[in-house]
Amino acid sequence: MSHLLEPVGLSQADSEIYLRLLGQGASTAADLSEQTRVPVARLRRSLQRLTEAGLANRIVSSPPRYVPTPPEVAVDALVLHRQQTLDELRARARDLALNLHNEPIRPAELVELIEGHDALFSTLTRLELGARDEVVMIDAPPYINSAVVLNEREIKALERGVTYRCIYHAPILTQSDRIFHLAKYLAAGEKARVLPEIRMKMMIADRRRALIPLSFQGAQQSTHLLVHPSPLLDALVMCFESLWERATPMASDGAVLTTPERIDDRDRAILRLLAAGQKDAAIGRAIGVTQRTVVRRIAELMRTLDADTRFQAGVQAARRGWL
């Protein structure tokens with residue numbers, strides 16, 4: 001209880017004086033000094049802060065006496081005032097960020113070279129914690145660190161409403177520690193997809209900044225390029241969106257819903273005929289199965305492809321290279 005007022009910017013000593021006032025009612029600075037053994041001068045400064053915060057009232061008398069404001073009234077008002085102050089700070093910070101973003105960038109500043117682990121970590125932190133709308137990522141080896149560490153920056157960003165879309169290199173999902181962390185990201189709200197083979201890495205924050213390694217091979221993984229708004233950034237965004245359309249969605253428990261390796265020849269035939277607009281009976285005759293089997297399998301494929309119509313399922317399968 002001695003730290004009651006710390007969240008609203010008052011000290012432990014201020015909290016203790018306020019609680020003392022609540023316990024005994026109207027008191028002078030000398031009364032409180034005698035009971036707490038705090039020097040009168042320091043006590044008066046604390047009482048002044050409590051008065052300015054609306055937690056105490058000064059009664060004009062000789063000597064002056066102080067009475068506490070009921071906590072259910074004073075603390076609510078103080079919290080509301082602090083929240084308004086924080087909202088104003090947030091709005092001013094956003095205005096400042098917009099002004100910085102709108103400043104013209106010289107051609108030489110369109111791409112920055114980020115060298116070293118510390119500089120890379122600082123840049124990642126700035127991109128993720130500064131994101132307001134969306135972060136997209138492609139996660140693939142090689143990795144800078146051998147140890148797999150939970151990305152707390154992503155968890156915090158997801159908690160404040162930032163969307164995360166991530167594409168994973170399928171072979172890494174056989175690693176138990178990566179699956180464990182992926183499950184936490186998915187539970188927090190990440191949207192994840194997987195490709196059977198991908199050899200590029202990137203992170204794009206709010207479509208305004210992109211971070212890519214200088215090399216997609218094993219060498220120079222600690223050296224990255226920070227790309228500012230430019231045709232190059234636009235191309236990276238388009239690249240991600242193209243790969244996202246081809247990638248296979250993952251279930252909320254981290255399981256891959258369906259991968260191209262699990263699409264057999266019969267499924268491919270069904271999808272080809274589906275894209276061509278054939279009816280269930282015609283598809284069944286063409287591949288030698290019953291119409292009921294065709295209907296059931298088409299429903300399963302539509303769920304896997306997140307398609308609302310049969311034709312859309314055929315189109316989505318073609319985009320992912322399944323046909």
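Helices here are DSSP runs of H or I with at least four residues, and strands are runs of E with at least two, both numbered from the N terminus. I am working with a predicted model: local features need pLDDT of at least 70, side-chain atom pairs count only at pLDDT 80 or more, and totals for chains, interfaces and linings use all residues. Residues are numbered from 1 along each chain as its sequence is written, and side-chain values use heavy atoms, without hydrogens and water.

**Entry 1: helix α11**

I looked up residues 291-305 and found 15 residues reaching 21 Å from first C-alpha to last, close to the expected 21 Å (1.5 Å times one less than the number of residues). Next I checked for buried residues (under 20% relative accessible area; exposed is over 50%, partly exposed in between, with a 1.4 Å probe and protein chains only). Thr293, Val294, Arg297, Ile298, Leu301, Met302, Thr304 and Leu305 are buried. Down the axis they fall within an arc of 160°, so they line one face of α11; the arc uses directions from the helix axis to the C-beta atoms. Arg292 and Arg303 are exposed on the other side.

**Entry 2: helix α8**

I then turned to residues 231-246: 16 residues reach 23 Å, close to the 22 Å expected. Which residues of α8 are buried? I found Leu233, Leu236, Val237, Phe240, Leu243 and Trp244. Pro231 and Met238 are exposed on the face turned away. The buried residues pack against β5, β6, β7, β8, β9 and β10, where contact means heavy atoms within 4.5 Å.
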